[in-house]
Protein chains: 2
Amino acid sequence: MKTLSLIALLACPLAVRAAIHTETVEYKHGDVTLEGHLVYDDANRTTRPAVLISHQWKGLSDYEKKRAEMLAKLGYVVFAVDIYGKGIRPEDAGSASAEAGKYKNNRALLRARVNAGLETLRKQKFVDPKRIAAIGYCFGGTTVLELARSGADLAGVVSFHGALDSPNPADGSNIKCKVLALHGADDPFVPDTEVAAFEAEMRAGGVDWQLIKYGGAVHSFTDWNADGSMKGAKYDKLADYRSWEDMKQFFAELFK
Amino acid sequence: MKTLSLIALLACPLAVRAAIHTETVEYKHGDVTLEGHLVYDDANRTTRPAVLISHQWKGLSDYEKKRAEMLAKLGYVVFAVDIYGKGIRPEDAGSASAEAGKYKNNRALLRARVNAGLETLRKQKFVDPKRIAAIGYCFGGTTVLELARSGADLAGVVSFHGALDSPNPADGSNIKCKVLALHGADDPFVPDTEVAAFEAEMRAGGVDWQLIKYGGAVHSFTDWNADGSMKGAKYDKLADYRSWEDMKQFFAELFK
């Protein structure tokens, strides 16, 4: 057995070295307390690129925490932010929709909340403040697009099956970072008219943008908890795999 | 100098081993003689995946030959096919348009010509006949889509700034391989209505498809000879880089 362990050590030096640190981080937006989730490889002591993750409509959950761990293992400092506030984690679709609606109907508040998360991430240990990207799923996709539209100083944002609409399309011209929208081609919650309006916004704003459509994929295609019980939203293993690879390629370009 | 050479040999064993073989291959479609260009790394003696390249409207040129070399260096056996026939290489836009038009208006002939190239590739040394992809640029993008629509036995096809239209959208249901369409979002030669019709064809045919739109890119975005003298067609270094990476990722999935 000793020989085998030695072989394993020699064969997988990176895997053996990894020591994933996770930490609950409380931070503030005005008087509101937010509770995010910080993850990084503690065996790596160097300054490095960072990724902000913005959550789906039920708030920061194990799903985003798992994505944070996956990204930390790729070498990033990762912060899964909290838009709703500490303890606000709606459990059913009705209350999740109502909570998300507060922010979708108040984009200024949504931008302020996600920017509070970005500034918290920027100050964390090992973070290169000039090399930060943001990703988001579903409601979180909309959130990181609003982060970009706020003119935030970022390298890039990635929306996974996020709504692409904007009440103020002229704000596209505020965007300074690169934008990648990953879209299920059969997503009934993000119809073609909305996709077309997004493209028009990006074009008019002079943004460096890309859009990828995954044939056959519907809403929530990356969410392994989406079992199809909600019509039009279902996990798609292939689209999940492809979109993760597409994100990695985007990051490789941003952080090369 | 001897020491330096030894260091170079030790540091770059793969680069030093590579021996790119190029060969003009004559083949037939009926009575018509076609002249393709075969490229592979001769230092690699193993059976491996292969890539067919289909040319732009001016016929098989140094552009496609360079792409073939680039792909051969990635480890593929590559065959740049000839659709028009030996010696038919229109030099100006007018004659190129007329020549391409013969095939765009006769999709059965186009399919037969590209299938002749595929069968020629399939028989080449080192080719794994079960692991073949096809890519095409501009008119060649249309060509490889028609190859897919013919029901050819392939792993996948990639269209770079190809026209996406089909006179017989029902043929989408013949497609057995994966399809990746790489599209300049501002390409005036492939308008949004054509993109939407392509998506509808893929959807109705139950195809495994993906579409990537590169913001700001127009027609010919990969063609380093497109200097912008033709309105709506221009090389775009960033979209060229991205689309090449997207193709590589697609191949990694096809041939893993």
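Trainee: What do buried and exposed mean here?
Mentor: Buried means under 20% relative accessible area, exposed means over 50%, and partly exposed is in between, using a 1.4 Å probe and protein chains only.

Trainee: Okay, and is Tyr137(A) buried or exposed?
Mentor: Tyr137(A) has a relative accessible area of 0%, so it counts as buried. This is a predicted model, in which local features need pLDDT of at least 70 and side-chain atom pairs count only at pLDDT 80 or more, while totals for chains, interfaces and linings use all residues; side-chain values use heavy atoms, without hydrogens and water. Residues are numbered from 1 along each chain as its sequence is written, with chains lettered from A and ligands numbered from 1 in the order in which they are written.

Trainee: Which strand is Tyr137(A) in?
Mentor: Tyr137(A) belongs to β5 of chain A, residues 127-137. Strands here are DSSP runs of E with at least two residues, helices are runs of H or I with at least four, and both are numbered from the N terminus.

Trainee: What is Tyr137(A) in contact with, leaving aside neighbours within four places in sequence?
Mentor: Its contacts (heavy atoms within 4.5 Å) include Gln56(A), Tyr63(A), Arg67(A), His161(A) and Trp244(A). Gln56(A) is 81 residues from Tyr137(A) in sequence, yet their C-alpha atoms are 5.5 Å apart. With Arg67(A), the side chain of Tyr137(A) makes a polar contact of 3.5 Å. A polar contact is a pair of N or O atoms within 3.5 Å; within protein, one must be able to donate a hydrogen and the other to accept it, and residues adjacent in sequence count only if both atoms are side-chain atoms.

Trainee: Switching to chain B: where is Thr143(B)?
Mentor: Thr143(B) is in helix α6 of chain B, residues 139-149. Its relative accessible area is 0%, which means it is buried. A polar atom of the Thr143(B) side chain lies 2.8 Å from the backbone oxygen of Phe139(B). Not counting residues up to four places away in sequence, Thr143(B) touches Ser54(B), Ile83(B), Leu110(B) and Val114(B).

Trainee: And why does His29(B) count as partly exposed?
Mentor: Because its relative accessibility is 22%. His29(B) lies in strand β1 of chain B, residues 20-29. Among the residues that His29(B) touches, beyond those up to four places away, are Leu34(B), Leu109(B) and Arg113(B).

Trainee: How many residues of chain A and chain B are in contact?
Mentor: 22 residues of chain A are in contact with 21 of chain B. The two chains bury about 2000 Å² between them, 36% of it on carbon and sulfur atoms. That buried area is the accessible area (1.4 Å probe) that the two parts lose on being put together, summed over both. Lys213(A), Arg242(A) and Gln249(A) supply 29% of the area that chain A buries against chain B, more than any other three residues.

Trainee: How many salt bridges across that interface?
Mentor: There are 8 salt bridges across the interface of chain A and chain B, each a side-chain nitrogen of Lys or Arg within 4 Å of a carboxyl oxygen of Asp or Glu. One of them joins Glu199(A) and Lys213(B), at 2.9 Å from N to O. On the side of chain A that touches chain B, α7 (192-204), β8 (209-214) and α8 (237-254) each supply at least two residues. α8(A) gives the most, with 7 residues.
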